[in-house]
Amino acid sequence: MALKIYNTQTRRLEPFIPLEPGKVTMYCCGVTVYDYCHLGHARSYIVWDMVRRYLQWRGYEVTYVQNFTDIDDKILKRAQQEGVSMADISERFIKAYFEDIRPLNVMDADEYPRVTDNISGIQQLIQILLDKNYAYVVDGDAYFNVQAFTEYGKLSGRTQSMMQAGASGRVAVSDSANSSKKHPSDFALWKSAKLGEPAWDSPWGKGRPGWHIECSAMVRALLGETIDIHGGGSDLVFPHHENEIAQSEAANGKPLAKYWLHNGMVTVNGEKMSKSLGNFTTIRELLNRPLDPMVIRLFVLQAHYRKPLDFTEEAIISATNGWQTLQQGLLFGEKYGNKLGWKKNQELDSTVIEQFKAAMDDDFNSPGGLAVLFELAKNLRREGNLFTHEGKTDTGIEELQQQWQTLVHLAGVLGLEAKSEVNLEDTHNFDEAEITRLIQQRNEARKVKDYAKSDRLREQLQQMGITLIDRPNGETSIVH
């Protein structure tokens, strides 16, 4: 089965065929560095890390670029509030980005270009657009002429009649009202300097770049005129990515990207995450709970990347329980390998590998891939409990080793890794008398076939950290 991915531009699943056999160029829009990263950022960069890892696992050589927007109105506002420079704010939050994202096992990009390091390339691209009559200058501001690009709207599906004033994005209402744009949908390529703002010399006067031209210039400089994959959040489809397409393709005469991928948004208890609603959650707030970073990663990967992801306490509890299961499976070899007499490595289970590949080849279906991992982990956990309490396993020693090695291998493809120093011994303070009483009550319920009561007692014990394994011969094993 060939890898198929959903292309936002064509609105359909397409076979993945890179521009150059065996190689993939991939660009994803990075953060604007004026604040700490939130859960939405975590989702985006875990998703693109998963995509990158899977492509590498499938044998592709992936070049991955993710930018930092280090000049922006929001950065400037924060710098003014704190009485420091924009560079000070940018450096602080670029450092914070890595502090927050690396614990989530997101691999570093091959390149992290910054806007301020690409001013020359940005100006060159603007000049090309001016020379080709796709742009114009008014009083030191350069704008892209949307009506000159006949394919404008092909990514978002918006028509000219649907375009709204302010589509340039990140433009104050006063700027939009007072601008000299020819058409309300025209967007800024270069903004003339305002008093007290950082600015660069240009053929059109002192100023700074517009938001959209930045990514187009950095893609062009580092990856070329056409790339394989351009990714980002679904909130970037319009206007950001639509404008990237317009200016890049107008300048280069070639498609900007062969495949456009967009991840769904994160909601909190069904509502949009925002500071005004008081439901804004940063990555470091989650990690400071404390919460295992792998719980956050699993929470993200349990939903298909294109679907909305709702953050609730129940969802985090569920992801925590899920990670405990995977963690026990991943550490099975460390805990039991020597005791079981494992020696040489086993071949990976080819049937399981194919099941995983079939799921992931369907537009990076991580929930389907995780289902394969959970089957392995649950069996390993069960076998570990049996071995601990009964000194034997139901599954052959070599097969257990094969299952464990396959689990570790496939979990690594999704970036899920268990640290060996994790102590899996139970940390509950048990009231042994209470546990004994509940087990006796459950045994009595089973004898009289009161299965509803039996199940309730089993769940109560489970919450106390006690797992009961009912054996085929009628006996019950107790696992702490």
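Q: Thanks! How many helices and strands does the protein have?
A: The secondary structure comes to 16 helices and 15 strands. Helices (H or I, at least four residues) and strands (E, at least two) are DSSP runs, numbered from the N terminus. This is a predicted model, where local features need pLDDT of at least 70 and side-chain atom pairs count only at pLDDT 80 or more, while totals for chains, interfaces and linings use all residues. Residues are numbered from 1 along each chain as its sequence is written, and side-chain values use heavy atoms, with hydrogens and water left out.

Q: Good to know. What percentage of the residues count as buried?
A: Of the 480 residues, 50% count as buried. Buried means under 20% relative accessible area, exposed over 50%, and partly exposed in between (1.4 Å probe, protein chains only).

Q: And how much accessible surface does the protein have?
A: About 22100 Å², with 47% of that belonging to carbon and sulfur atoms. The areas come from the Shrake-Rupley method with a 1.4 Å probe, and for residues only the protein chains shown count as cover.

Q: On to the inside. Which residues touch the most other members of the largest nonpolar core?
A: Trp 48, Leu 326 and Phe 364 do, in a core of 128 residues. Helix α1 (residues 39–57) gives the largest share of this core, 10 residues. A nonpolar core here is a set of buried Ala, Val, Leu, Ile, Met, Phe, Trp, Tyr and Cys residues joined through side-chain atoms within 4.5 Å.

Q: What is Leu 326 in contact with, leaving aside its neighbours within four places in sequence?
A: Its partners include Leu 298, Leu 370, Leu 373, Phe 374, Ala 377, Leu 407 and Leu 416. Contact means heavy atoms within 4.5 Å.

Q: What span should α1 have, and what does the model give?
A: At 1.5 Å a residue, its 19 residues should span 27 Å, and the end C-alpha atoms are 26 Å apart, so the two agree. The expected span is 1.5 Å times one less than the number of residues. Just after α1, Gly 59 takes a positive phi of about 105°.

Q: Changing topic: how many salt bridges does the structure hold?
A: There are 25. A salt bridge is a side-chain nitrogen of Lys or Arg within 4 Å of a carboxyl oxygen of Asp or Glu.

Q: Which residue does Arg 52 pair with?
A: Arg 52 meets Asp 110, at 3.6 Å from N to O. Asp 110 is in the loop between α3 (86–101) and α4 (119–131) while Arg 52 is in helix α1, 58 residues apart.

Q: Why does Arg 52 count as buried?
A: Because its relative accessibility is 5%. Asp 110 counts as partly exposed because its value is 41%.

Q: What about Asp 73, which residue does it meet?
A: Asp 73 forms a salt bridge with Arg 208, at 2.4 Å from N to O. This pair links helix α2 (residues 73–82), which holds Asp 73, to strand β8 (residues 207–209), which holds Arg 208, across 135 residues. Asp 73 is partly exposed, with a relative accessible area of 28%, whereas Arg 208 is buried at 7%.
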